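Subject: Structure handover

Hello,

Here is the structure I promised to pass on. Please open it first, then read my notes below.

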Amino acid sequence: MGYIYLDHASTTYVQLEFIDKITKDLKDQWANPSNLYKISEEPKKIIEESRSTIARLIGAKPEEIFFTSGASEGNAWACAQKEKVVCSPYEHHNLTTNEKAIVIDENWLDNVIMCLSEDSDNIFISKEHYSNYLCSWMMVNNETGEIFDIKKIAQKSHKAGMLFHSDMTQALGNVSINVKDLDVDIATFTGHKIHAPKGIGFIYFNSDRISKIQRLIFGGGQEWSFRAGTENVPYIEALRMAVYNAIVNKNSKQNYCLSLKKLMLEELNKLEVPYIINSPGNSVNNILNISIKDFSGEALMMELSDRNIYVGVGSACNSGLHEPSAVLTEMGVPEEYINGAIRFSFDFSTKKEDIISTAWNIANIIKQHNL
C-alpha cells in the first residue's frame, strides 16, 4: 500500500468482496423496495434477510433491528426516546454534546438507587421522574479500548426506572454481544468500523421494554414507519456481510491484535521511548492508547503522517479542538502526559513489520526534537 495504517478505530477500508457485492446490487437491485411491483421484491428480500441475519448474530429479534446511516444517527435516535439523557464521561461527543445530555458517573446511579429505596416519606423525587431519563454507557471506549460492564450498569439504570442505551460501535467484532443477555434496551452500531461503507448502520430497540418508539426521521413508511427514507439496499447487504465476518472472526482477530499490542510495547521499551499506557487492563486488544511525556500527540501524529504512518489521537470527530481528551482527563492521566496521547488501533491487515517501523519512527522523531 505504500503506507502504514494504524487507525482502524477511526475507520476501516471497505473489503473488496463487499465492494463487488455493492457494485452488483447497484446494477441489479436498484428498484425501490417500498414499491409493490415485481422488480421491488428482490431488494425487499435482501433487506429482510439482512435484518434477520444481523438480529440472530446479536441475540435480537428481526423486528427489533432498524437500519440507520450509522452510530451518530442511532445515538441521536436513542436520545429522542426520553426528555433527558444521563451519560458517562467516556461517551462519544455525539452523546455528551447532545442538548439533552447530563454527564454523570456510576456513583450518581448508586445515589439515585439509594434515595429511591429509602422510606417514601423522605423521597423528594419519585421513580416516575427518572422514567423520563435514558442512561447511556458505551460498551467499549473508542479512545482507550476499555471494556465496561454494561450489564451491571443496565441493571442499575432499571432499578432507577430508566431505560438503558449502549453505543456498541467499538464493541462489534471485538467482544461478545448478546443484547438480551446484556439487558440493554437500545444499542447502536455502525458499519464503517468493520469494513462496510460509511453511511450505514443499525439500531436495536428491545421490544419487551419499549412499546412505543419515538421517531427521529418522519415521512414514508420504511422500517415499519419508524424511520423514513428510501432504503440503501446495496449498503444494507454489505453491512450484513460485514457484521457476519466481524462476529465470526472476533476471537482470531483479538488473538492476533494481542500479539501486535505486545510487540508495540516491546519495541517502544527497547527504544527507550518515555511513555505511559492509558489503556486499562480490561481493554480490547485492537486498541492501544499511550502518552509520550512532554510531547504533543497531535504533533507526533502529523510528523508520522509525513512519513506515511497513520495513527489516531483520541476521537477523529473531535480532533483539532486543542483540548485535553475528556476521557483521559476523567481517568486522571498526569498533566505532563495528557497532551501526548496517541492511539494505535490494529486489524488483520496490520503487519508486524508495520509495528516495528512505527515504533522506530516514534523514537526517531522524539530524539530529533530532544536534540
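How many bridges join strand 7 to strand 8, and do the two run parallel or antiparallel? Five bridges join them, and the strands run antiparallel. Before going further, please keep in mind that this is a predicted model.

**Strand 7 and its partners**

Strand 8 covers residues 201–205. In this pairing, Thr190 stands opposite Gly201 of strand 8. Strand 7 also pairs with strand 6, residues 163–167. That pairing is parallel and has three bridges. Here Asp167 faces Thr188 of strand 7. As background, strands of a sheet pair through backbone hydrogen bonds, in either the parallel or the antiparallel sense.

Why is strand 7 largely enclosed by the rest of the structure? Strand 7 spans residues 186–190, and five of its five residues are buried, so the rest of the structure largely encloses it. Ile186, Thr188 and Thr190 point one way from the strand. Ala187 and Phe189 point the other way. Both groups are buried.

**The largest nonpolar core**

Ile177 belongs to the largest nonpolar core, which has 59 residues. Met139, Met168, Ile177, Val179, Val184 and Phe202 touch the most other members of this core. Helix 8, residues 233–248, supplies the largest share of the core, with eight residues. In general, nonpolar side chains in soluble globular proteins tend to be buried together.

Strand 9 is joined to strand 10, residues 287–292, by three bridges. Tyr275 stands opposite Ile292 of strand 10.

**Two crossing helices**

Now turn to helix 10 (residues 297–306) and helix 13 (residues 352–370). Their axes come within 10 Å and cross at roughly 115°. The crossing is right-handed. Which residues make the contact? Helix 10 contributes Leu300, Glu303 and Leu304. Helix 13 contributes Asn361, Ile362, Ile365 and His369. These contact residues divide into four nonpolar, two polar and one charged.

Is Leu300 buried or exposed? Its relative accessibility is 0%, so Leu300 counts as buried; the cut-off for buried is under 20%. Beyond its neighbours within four places in sequence, Leu300 is in contact with Ile292, Phe295, Ile342, Ile362 and Ile365. Ile292 is also the residue that Tyr275 stands opposite in the sheet. Leu300 and Asn285 are 15 residues apart in sequence, and their C-alpha atoms are 23 Å apart in space.

Best wishes

Terms used. Residues are numbered from 1 along each chain as its sequence is written. This is a predicted model: local features need pLDDT of at least 70, side-chain atom pairs count only at pLDDT 80 or more; totals for chains, interfaces and linings use all residues. Side-chain values use heavy atoms; hydrogens and water are left out. Buried means under 20% relative accessible area, exposed over 50%, partly exposed in between (1.4 Å probe, protein chains only). Helices (H or I, at least four residues) and strands (E, at least two) are DSSP runs, numbered from the N terminus. Two strands pair if DSSP finds at least two bridges between them. Axes are lines fitted to C-alpha atoms, for helices over the stretch in contact, and angles run from 0 to 180 degrees between N-to-C directions. A crossing is left-handed if the near helix is turned anticlockwise from the far one by less than a right angle, and right-handed if clockwise. Contact means heavy atoms within 4.5 Å. Ala, Val, Leu, Ile, Met, Phe, Trp, Tyr, Cys and Pro count as nonpolar, Asp, Glu, Lys and Arg as charged, and the others, Gly among them, as polar. A nonpolar core is a set of buried Ala, Val, Leu, Ile, Met, Phe, Trp, Tyr and Cys residues joined through side-chain atoms within 4.5 Å.
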